[in-house]
Structure formats: structure tokens, C-alpha cells
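Reader: I'm new to this one and would like a close look at a single spot, plus whatever it leads to. Could you walk me through it slowly?

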Amino acid sequence: MLSIIIPVYNAEKNIASLLDSISKYLLDNYEIICINDGSTDKSEEIIRAFAKDNKHIKLITQQNGGPSKARNKGMEIAKGEYIAFADSDDVYCGENWKDVLETIKRQPNADIYIYQYQENIDGKIKMPEQIKNEEDDITISRYLNMAFKTNDYLHIHALWNKIYKRKFIMTLSKFEEEIQLGEDAIFNSQCYENANKIVISNALLYSYMISKDSLSHTNKDFKKICDCYCMIMDSDIKLLNKFEKYDS
């Protein structure tokens, strides 16, 4: 089973599109765990309406505690052998779910499966340089080398273009709940440091919606942003030091 965990905070404009991009293409053997993180809009109402027609959707409501706390809650209750994380203002490229699941079936022993993504910038699609691998499984050092060379830090740091084996990530530290920016990068650094096997698929999995309403694009606290980037940089340096002998 695949568990898809979605932190939801005031996402009434976008959450229906995200749920559609999953439920219209995945027919069985999945669950969608929506953690309503203290929304004050109609997000919960929309999710409840979807859940009436789709038994795979679970809704958990909690006081606002941030995305890390919501993801940790989702991981606690997830039943799937594999876990994915989505942001409530994005969508999956649902027509490609078949390719995604075939990759997992073909390579069942990986700890992390990494997929391609596109950026949707105010309705305009932009494709980052694809980080592809012809033989699916790849060394972590090789992957990091490829990604850093293309300056595609989202490919490395983001949660939403990856699927994780639940047994693997549950052995790691949880998301750091006091961190509001960059928590995904810190979590993935742990994953790279401890993973035994990763797989890269050429399938396009995710559409990252870039808008002025996104938390990462509206936060005006300059110190918080600087602290976030410094923390991510320290994490990346640690990775580079560990995997300094890159594959050619």
C-alpha cells in the first residue's frame, strides 16, 4: 500500500485539485492522509466531501502546529509500505502513476524512489533539467553529483518528488517541528546519509505550483530565511563531505 500524507492549512483553493490528481488515477491499494492543521477556511469541508465518495481518504484535524508536526502525525498512522508527501497547493501528474508504481514493483528493495517534476509558474509549465538514470538504481554519491551539477536543489531537497519505504524512514528522526522552513531538506539529508539503495525514475510525477500564496514565497522574515538557508547549506556540506568521492 502507498500512503500519501498531505499537511493542509487553509488550502480551500487547491486541495480539490490535488485530491483529484490522486483519486482519479489510483484505484486501490493506497490511502490519502489529510492532516488538517488548524485551517480556518473550508479545507476540512472540502476534504470531508471527497471522503464521502472515496474510502481511501482519511481526515485528521489538529491544532495548528506547522507542516512538520502534521507530517509526523501522518507517519504515525500511515499503514502503507511506502510513503509519499504532497503539499496541498500542488498536484500530481496523475496519468503517470502507473509508471511510478511499476518502478516500485521492479525495484522493491530501494529505500527511496526519486521521480521527475515540473514547475507551474502562474500557469506556465517549466521543466527543470531532467536528472535521469538509465538503470534505475544509482549510488547516492552519483545522484548527488548529478543534481548538484545541474543546481537542481529542489530535486535533492523536496519531499514531493520522492516515495520512501516506510520501514526505512521510521528508523530516522522525525521532522523537526520547530523548523518552519527547510525541514524537508534536513529530513532528506538524513535519508541520503542512511539509505542503502535509491532508485531514479524518468517518470514525471509532480507539478510544483509556484504562486505568491505559497509559504516559502511569502515569508518576509529575512532572518528566518537566512537561518533556513544557512541550515540547508550546513546540511549539504555534511552530505558533500560524506560522499566526497563522487562517481564519475
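In which strand does Gln118 lie?

Author: Gln118 lies in strand β6. Before going further, a word on what you're looking at: this is a predicted model, so local features are given only where pLDDT is at least 70 and side-chain atom pairs only at pLDDT 80 or more, while totals for chains, interfaces and linings use all residues. Residues are numbered from 1 along each chain as its sequence is written, and side-chain values use heavy atoms, with hydrogens and water left out.

Setting aside neighbours within four places in sequence, Gln118 is in contact with Cys93, Ile125, Lys126, Met127, Pro128, Leu204, Tyr206, Ser207 and Tyr208 (contact being heavy atoms within 4.5 Å). With one of these, Ser207, Gln118 makes a side-chain to side-chain polar contact of 3.3 Å. That term stands for a pair of N or O atoms within 3.5 Å; within protein, one must be able to donate a hydrogen and the other to accept it, and residues adjacent in sequence count only if both atoms are side-chain atoms. Along the chain, Glu129 is 11 residues away from Gln118, and their C-alpha atoms are separated by 9.6 Å.

The largest nonpolar core has 35 residues, and Leu2, Ile4, Ile6, Ile22, Tyr92, Trp97 and Ile163 have the most contacts inside it. Such a core is a set of buried Ala, Val, Leu, Ile, Met, Phe, Trp, Tyr and Cys residues joined through side-chain atoms within 4.5 Å. The top contributor is β10, with six residues. There's also a second, separate core of 33 residues, which includes Met75, Leu144, Met146 and Ile198.

Helix α1 (residues 15-23) is worth a stop. Its buried residues are Ile15, Leu18, Leu19, Ser21 and Ile22. Looking down the axis of α1, these fall within an arc of 160°, so they line one face of the helix (the arc is taken from the directions from the helix axis to the C-beta atoms). Their cover includes β1 (2-8), β2, α2, β5 (91-92) and α4 (97-106).

That list brings in β2, which is mostly covered: eight of its eight residues are buried. Tyr30, Ile32, Cys34 and Asn36 sit on one side, with Glu31, Ile33, Ile35 and Asp37 on the other. Seven bridges join β2 to β1, and the two run parallel; strands pair if DSSP finds at least two bridges between them. In β2, Ile33 is the bridge partner of Ile5. The chain gets from β1 to β2 through α1, in a right-handed β-α-β crossover: with the strands pointing away from you, the path from the first strand over the helix to the second runs clockwise.

What about the partner β3? Strand β2 (residues 30-37) pairs with β3 (residues 57-62) in the parallel sense too, over six bridges. Asn36 stands opposite Thr61, and Asp37 stands opposite Gln62.

Glu31, in β2, is buried with a relative accessible area of 3%. A polar contact of 2.5 Å joins its side chain to that of Ser3, and a polar atom of the Glu31 side chain lies 2.7 Å from the backbone nitrogen of Lys79. Ser39, in the loop between β2 and α2, is also buried, at 17%. The side chains of Ser39 and Asn36 are joined by a polar contact of 2.7 Å, while the backbone nitrogen of Asn10 lies 2.9 Å from a polar atom of the Ser39 side chain.

How values were computed
Helices (H or I, at least four residues) and strands (E, at least two) are DSSP runs, numbered from the N terminus. Buried means under 20% relative accessible area, exposed over 50%, partly exposed in between (1.4 Å probe, protein chains only).
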